[in-house]
Amino acid sequence: MGKSKSKAAIHLKSALARITLTPHTLAFFLLSVIHCLAQGLTAAFVYSEDVSTFAFVNNILHTAQVPRNEVARLFRHGDDLTLKLCTAAPIGDVYKECITIWDTSMTLNAMGTLTSRFVETSDHIRRSLDDGSLRPVHDPSSGNVTGAELTYNGDSTIVLSEQCARMLEYPGRILDNSQREDLALVGSQFWLLGVSTFGILYNSIPHIWAVVFARVLQTAWASYTIWRTEDFKFRYRSLIVGNGTPCHFDVMPSYFSTRLALQIPELVLSVTALLSTGFLAWFIVKGYSAATIRRVMPPPRVMRQYKFFLIDSMFLQLSLFFTVTAISLWMDQLRNSEIALLAQRSPLYYALFIFTVVTIIPWIVMGWLSVRREMTVLMAGFLFLNLCYIVGWSVMFKSQVYLWTFIEWPFFGCATIVSFMVLVGAMVFGIICWTGFGKGLAHYLHVEAVLTESDFNPDVFTNDTEKATNKASSPVVRCPSALSDPSSEGVSAIKKDGNWDFADVDRPAIYTVDFYEPKDSSSSLP
């Protein structure tokens, strides 16, 4: 137990030394933590708004007994909207199974007016989602449910017809997908923090740039969602709230204002994170490029293989998030939406999902260990599973409901595309690493593990006892590297030029290597 605690303390001190290596690495890590919490909290508030609004709209659908085996499809020609309800995935030649529930052009032509980009709101205004109650409306002759009666603002009452309730399937579908999207975005913040931390701990340039690339995607998506919210507001008001529509009533009175009030700070945070991350990443990468190679001094072929290994590990971490996110979004659709009633091969979809979820962690471990230890059989298994993922999920596009979800839902489509890209990247660089087996990478990675588990202090200290009292002496940073050159004389420590600034990439740091011997004797190599 004591030995395990000692090793854990050594690993913790080593991680702390790498995080605080320079002001740039420390700032990079701290900003990653701050933005993870701030943006994760903002996304959680957006999720809360989507959940509460969807719950009310869904309550209307249930109260009015709207059939669940219908999928809403909106056709748009300029500002004219045509809403159809289909009992099959509305792609290909299945439009014969769709009926037109509302066409804004017919109403506008009948009224003899032209629509504006922003439709006037209804005279019937609800104050909030919590001030209304619903009850079904029955046909006196047949007893069938023909709509829902909503009591709001205390004593005001409005009847939502069957046609109105069925039209609410369209905004309900968007809200349902939005809450899934929000959860994925919350998870992405913690995943991004993990990738950032990994890049700092392993001095991995590919991971640092991957964080910057992810920030670019995040900022672009935050900008797109603001436009999408405004466009959704126009579609919603044209179909539901506008004069002459079957509903002519705002069932989501505060939704758009609340969402925009949260999305604008989210965009500001995304831009701030992108700028700060890009600025710090530039200095960190320049510093790693200037200092790490000169400190390690491995053979060039080993350094090249090590870079390929880091790139492959980056793709593995990207695959874990994007692949799991994409297939989880699809599985939630298959279980908790009207898509479940339209899917014809659900058992096969479940089988592929379970296979992927069960094997993806072992697959990542196989990819990591097969390169570190140059295990050919394990690498073959890794590449085989990788190919199974790519082929299996590519075949899914033959499913009409999967293809429709991919087309209809932009977030799912983007996550699916990125998941395929990173899977292909992991396979390509896995093959490149495989071709480099036997060139010495496994030996150098083994040295890192041995040095890390040694009982030396990774903190900053002076190694020259004669100059230990001299404050101007150069500090020694015992920071074991994956590519540290082993010595039969003992464990090596690195002495850094104390006058060098990490940001001064034009003049690389000068390092000397001191070898520590168990018998309190030392030798120094220039």
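This is a predicted model: local features need pLDDT of at least 70, side-chain atom pairs count only at pLDDT 80 or more; totals for chains, interfaces and linings use all residues.
Two packed helices are described by the angle between their axes and the distance between the axes. Helix α8, which spans residues 300-336, packs with helix α10, residues 346-372, at an angle of about 165 degrees, and the two axes lie 10 Å apart. Because angles over 145 degrees count as roughly antiparallel, α8 is described as roughly antiparallel to α10. The crossing of these two helices is left-handed, and their contact comprises 18 nonpolar, seven polar and three charged residues.

Helix α5, residues 169-201, also crosses α8, in this case at roughly 160 degrees, with the axes coming within 11 Å. This angle makes α5 roughly antiparallel to α8, and the crossing of the pair is right-handed. On the α5 side the residues in contact include Arg173, Asp176, Arg180, Trp191 and Phe198, while those contributed by α8 include Gln317, Phe321, Phe322, Leu329 and Asp332. By class, the contact of α5 with α8 is divided into eight nonpolar, eight polar and four charged residues.

Helix α11, residues 376-395, contains 20 residues and reaches 29 Å from its first C-alpha to its last, which is close to the 28 Å expected at 1.5 Å a residue. Its buried residues are Met379, Phe382, Leu383, Leu385, Asn386, Tyr389, Ile390, Gly392 and Trp393. The buried residues of α11 pack against α8 and α10, and likewise against α12 (400-408) and α13 (410-435).

Methods: Residues are numbered from 1 along each chain as its sequence is written. Side-chain values use heavy atoms; hydrogens and water are left out. Axes are lines fitted to C-alpha atoms, for helices over the stretch in contact, and angles run from 0 to 180 degrees between N-to-C directions. Helices (H or I, at least four residues) and strands (E, at least two) are DSSP runs, numbered from the N terminus. Angles under 35 degrees count as roughly parallel, over 145 as roughly antiparallel, 65 to 115 as roughly perpendicular and the rest as oblique. A crossing is left-handed if the near helix is turned anticlockwise from the far one by less than a right angle, and right-handed if clockwise. Ala, Val, Leu, Ile, Met, Phe, Trp, Tyr, Cys and Pro count as nonpolar, Asp, Glu, Lys and Arg as charged, and the others, Gly among them, as polar. The expected span of a helix is 1.5 Å times one less than its number of residues. Buried means under 20% relative accessible area, exposed over 50%, partly exposed in between (1.4 Å probe, protein chains only). Contact means heavy atoms within 4.5 Å.
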